[in-house]
Protein chains: 2
Amino acid sequence: MMNQGDFRQLLGTDLPIIQAPMAGVQGSALTIAVCEAGGLGSLPCAMLGMDDIVAEINTIKRATDRPFNLNFFCHKQPDYHKKQHQAWHTLLAPYFAEFGINPHQLATRSNRRPFSHDMADAIEPFRPEIISFHFGLPEPTLLARVKGWGTRILSSATTLAEARWLAAHGVDGIIAQGLEAGGHRGMFLSDDVSTQVGLFPLVRQIVEEVPVPVIAAGGIADTRGVQAALMLGASAVQVGTAYLLCPEANTSALHRQALKAESAELTALTRLFSGRPARGIVNRVMRELDCLHPAAPDFPYASIAMTALRTAAEQQGTADFSPLWCGQNASGCREIAAGELTRQLAAAGP
Amino acid sequence: MMNQGDFRQLLGTDLPIIQAPMAGVQGSALTIAVCEAGGLGSLPCAMLGMDDIVAEINTIKRATDRPFNLNFFCHKQPDYHKKQHQAWHTLLAPYFAEFGINPHQLATRSNRRPFSHDMADAIEPFRPEIISFHFGLPEPTLLARVKGWGTRILSSATTLAEARWLAAHGVDGIIAQGLEAGGHRGMFLSDDVSTQVGLFPLVRQIVEEVPVPVIAAGGIADTRGVQAALMLGASAVQVGTAYLLCPEANTSALHRQALKAESAELTALTRLFSGRPARGIVNRVMRELDCLHPAAPDFPYASIAMTALRTAAEQQGTADFSPLWCGQNASGCREIAAGELTRQLAAAGP
């Protein structure tokens with residue numbers, strides 16, 4: 001087991017806090033603010049084009065010389081299955097009618113792309129210090145290429161079995177993603193949400209059994225949460241939801257409103273927005289359809305129709321079809337600067 | 001927020017450890033061993049007849065003068081619905097055939113009864129120091145009667161909303177039952193398992209918002225877990241699964257075997273065994289049927305047919321139909337005396 005000071009060696013930071021990469025609700029501004037405060041800021045690259053990734057990295061490097069984390073998805077991109085989409089569009093037909101959407105005009109591509117050699121070409125000149133992957137790891141030659149840069153590799157485990165797998169495949173740190181966490185489950189050895197484990201036992205079991213530093217993620221929102229995670233044996237924590245109200249985040253007004261309301265007390269795992277289970281605040285579409293509905297097409301294609309509905313609904317001022325990503329503890333969300341929040345999270349204890 | 005020393009006032013014990021009441025797998029022997037070690041032993045009364053409850057209390061009182069906890073269920077007992085059972089028996093028909101069970105010969109009663117004035121009559125002479133309820137609280141006059149004895153009342157909350165409700169109804173302590181916990185969910189304001197929260201955020205949120213001492217339960221299996229729970233603001237912890245291999249527990253040989261095997265890594269919430277969601281090790285019937293199958297009759301009636309199947313299967317040496325209750329952290333299960341385990345859990349820290 002690492003002792004708690006070892007996060008410095010793993011992350012290169014003053015504080016044992018990683019700001020969780022949150023695709024769609026943040027860019028380099030949040031990354032920079034957290035880095036400058038002594039934490040590890042993250043840049044979510046999963047929904048960015050190659051040029052945008054390079055531009056964001058340049059922005060970060062101009063603003064800070066601290067280490068930061070680049071996050072990529074590394075799912076296997078399936079082909080677009082027309083049949084899947086027919087069933088899905090039938091399910092959504094009443095909503096298409098409500099918002100005047102013609103499903104035949106929807107795209108058949110998604111802008112969520114897995115990490116690739118092309119992306120590696122784009123970021124190689126920067127020799128990134130840290131990259132975190134979600135949904136496992138890239139294929140061996142691509143992973144070896146990144147490791148060859150001296151880049152330290154993190155990835156998420158949602159079960160003890162996934163942690164063992166990641167350790168066997170050479171990661172430098174394991175993000176233990178408790179089922180409390182907001183956004184996409186990093187699960188990659190099973191797609192059965194009943195396998196998902198609470199943070200408390202997940203951290204304890206990985207720390208005891210797997211000889212790789214553990215970063216605790218999910219439901220941590222304040223100093224006591226951070227201290228408790230370190231007590232469980234984590235070397236650091238990763239915090240996402242608590243940053244969503246910070247001015248440096250791009251969280252939409254509707255999302256901010258939901259986070260501040262009582263609605264944030266009820267979150268659920270849903271496949272509806274992307275095809276993979278992700279935790280968000282329960283809204284109209286999650287109430288009206290089965291959150292894990294099998295008709296939702298494979299990740300990332302479910303997002304195509306849902307994005308059309310979301311856009312139409314948001315134009316009418318409702319978040320009924322928006323992915324309101326949020327963990328099971330929104331109580332730490334505060335409208336303060338991300339740097340200040342980072343320092344408060346890392347305060348020495350209650 | 002209570003400070004951590006206040007558990008003495010709440011529980012009357014030397015150590016901040018409650019041994020979780022586990023109906024069906026323990027009696028007074030485990031209660032006594034934990035009490036004598038300085039923790040709060042519990043006697044699960046939900047599946048005992050009135051005479052047995054009195055006999056067990058007398059056994060405990062002869063063996064120890066320490067305080068102990070009596071646990072009762074307080075669900076509303078529904079009527080037996082013939083139609084529900086027809087659908088259920090149709091679903092189970094292949095299993096009945098496999099084991100030669102005639103469903104028309106099954107009982108129409110369950111031995112799980114809610115707390116009642118009759119039970120109160122039986123235990124009143126003992127003036128119990130502590131009673132914990134599961135599934136909410138008894139109706140107001142019955143609760144008032146028990147409180148009138150000077151008995152301190154605990155009950156389980158699985159959400160912040162349930163914690164607020166319990167506080168408003170006068171409990172002395174709230175057991176924050178994280179979804180990691182083994183056995184029956186104490187949920188009583190909702191039957192939607194998607195509302196269930198991990199221990200980490202559940203404890204933090206209740207501690208911050210509800211002015212009643214909090215006892216953390218679910219996934220706690222060792223000293224670091226206990227210390228982390230106290231760091232989150234809990235006044236004490238409740239531990240169940242870790243005691244299941246102790247010689248003082250009545251855990252069956254098949255259950256012990258499952259706890260010691262890799263199978264214990266995969267648990268799930270299921271309605272199949274009783275009609276209410278409860279966490280156990282995934283076994284054949286949980287794999288073959290939907291764990292939350294809507295055809296399972298209302299609690300406690302689902303247990304009637306499943307007990308018949310379980311008995312038949314166990315006679316053939318398999319736990320395929322047994323409720324293998326277990327939390328998400330079986331790593332703390334050890335074949336040592338319950339008193340020793342209690343002292344180790346409460347050790348001052350790593």
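Start at the place where the two chains meet: 33 residues of chain A are in contact with 33 residues of chain B (contact is C-beta atoms, placed from the backbone, within 7 Å). Select α8 (199-209) and α9 (223-231) of chain A, since each supplies at least two residues of the side that touches chain B; helices here are DSSP runs of H or I, at least four residues, and strands are runs of E, at least two, numbered from the N terminus. The biggest giver on that side is α8(A), with six residues. Color that side by class and you get 14 nonpolar, 13 polar and six charged residues. For the classes, Ala, Val, Leu, Ile, Met, Phe, Trp, Tyr, Cys and Pro are nonpolar, Asp, Glu, Lys and Arg charged, and the others, Gly among them, polar.

A word on what you have loaded: it is a predicted model, where local features need pLDDT of at least 70 and side-chain atom pairs count only at pLDDT 80 or more, while totals for chains, interfaces and linings use all residues. Residues are numbered from 1 along each chain as its sequence is written, with chains lettered from A and ligands numbered from 1 in the order in which they are written.

Now jump to α2 (residues 28-37) of chain B. Eight of its 10 residues are buried, meaning 20 or more other C-beta atoms within 10 Å of a residue's own, C-beta atoms again placed from the backbone. Among them are B:L30, B:I32 and B:V34. The buried residues pack against β1 (17-19), β2 (42-44), α3 (50-63) and α13 (338-345) of chain B. Just past the helix, click B:G38 for a positive phi of about 110 degrees.

Note on methods
A residue is buried if 20 or more other C-beta atoms lie within 10 Å of its own, exposed if 12 or fewer, and partly exposed in between; C-beta atoms are placed from the backbone.
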